[in-house]
Amino acid sequence: MDNNKLIAEFMGYPNLGTKGDFSYLKYHTDWNWLMPVVEKCLEKHNNLINGRDVIDTSYSSIAQALQVVSLKETYKAVVEFIKTYNNGR
């Protein structure tokens, strides 16, 4: 569940869980959890392309996964977006 922890931190919740238990996070199984993250990724992507930061992030993988309505693929694309975003800062 390291990816769920990564997403939670990206969303601004760095101290979730007790003693490292992040099993209650449902980003990987519930659209209601994942869609706010998708929205934040889009916001970050839009900020990046407007020249506020110069790092290479790809929102297109998220958009493609959403087009086929795949929770699993959207989750994977979100995780990759966040990793790229974090590495570029």
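Predicted model: local features only at pLDDT ≥ 70, side-chain atom pairs only at ≥ 80, totals over all residues.
The chain contains 4 helices and 0 strands, and reading along the sequence gives the pattern α-α-α-α. Of the 89 residues in the chain, 35% are buried. Contacts across the sequence are well represented: among those with a separation of 6 or more, 61% join residues 24 or more positions apart.

In soluble globular proteins, nonpolar side chains tend to be buried together. The largest nonpolar core of this model has 22 residues, and the members that touch the most other members are I7, V37, C41, V78 and I82. At least two residues of this core come from each of α1 (2–10), α2 (31–49) and α4 (71–88). The largest share belongs to α4, which contributes 8 residues. Leaving aside residues up to four places away in sequence, I7 touches Y27, V37, Y75, V78, V79 and I82.

S70 sits in the loop between α3 (60–67) and α4, and S70 counts as buried because its relative accessibility of 18% is under the 20% limit. When residues up to four places away in sequence are not counted, S70 touches W31 and A65.

A pair of aromatic rings is described by the distance of the centres and the angle of the planes. The structure holds 4 aromatic pairs. In one of them, the rings of F10 and Y85 have centres 5.9 Å apart and planes at 80°, so this pair is edge-to-face. The pair brings together distant parts of the chain, since F10 belongs to helix α1 and Y85 to helix α4, 75 residues apart. Both partners are buried: F10 has a relative accessible area of 9%, and Y85 has a relative accessibility of 8%.

Y85 also takes part in a pair within its own helix. The ring centres of F81 and Y85 are 6.4 Å apart and the planes are at 5°, so these rings are stacked. F81 and Y85 are separated by about one helical turn, because they lie 4 residues apart in helix α4. F81 is buried, as is Y85. F10, Y59, F81 and Y85 together form one aromatic cluster.

Side chains of opposite charge can pair when their charged atoms come close. A search of the whole structure finds 2 salt bridges. In one, the side chains of K76 and E73 meet with an N to O distance of 3.4 Å. These residues are 3 apart in helix α4, so about one helical turn separates them. K76 is partly exposed, with a relative accessible area of 43%, and E73 is likewise partly exposed, at 35% relative accessibility.

The other bridge joins K83 to E80, with the closest N and O atoms 4.0 Å apart. K83 and E80 both lie in helix α4, 3 residues apart, or about one turn of the helix. K83 has a relative accessible area of 35% and is partly exposed, while E80, with a relative accessible area of 46%, is also partly exposed. An α-helix has 3.6 residues a turn, so residues three or four places apart point the same way.

Definitions and conventions. Residues numbered from 1 in each chain as written. Heavy atoms only, no water. Core = buried A, V, L, I, M, F, W, Y, C linked by side-chain atoms within 4.5 Å. Buried < 20%, exposed > 50% of the residue type's maximum accessible area, 1.4 Å probe, protein only. Contact = heavy atoms within 4.5 Å. Phe/Tyr/Trp six-rings, centres within 6.5 Å; stacked < 30°, edge-to-face > 60°.
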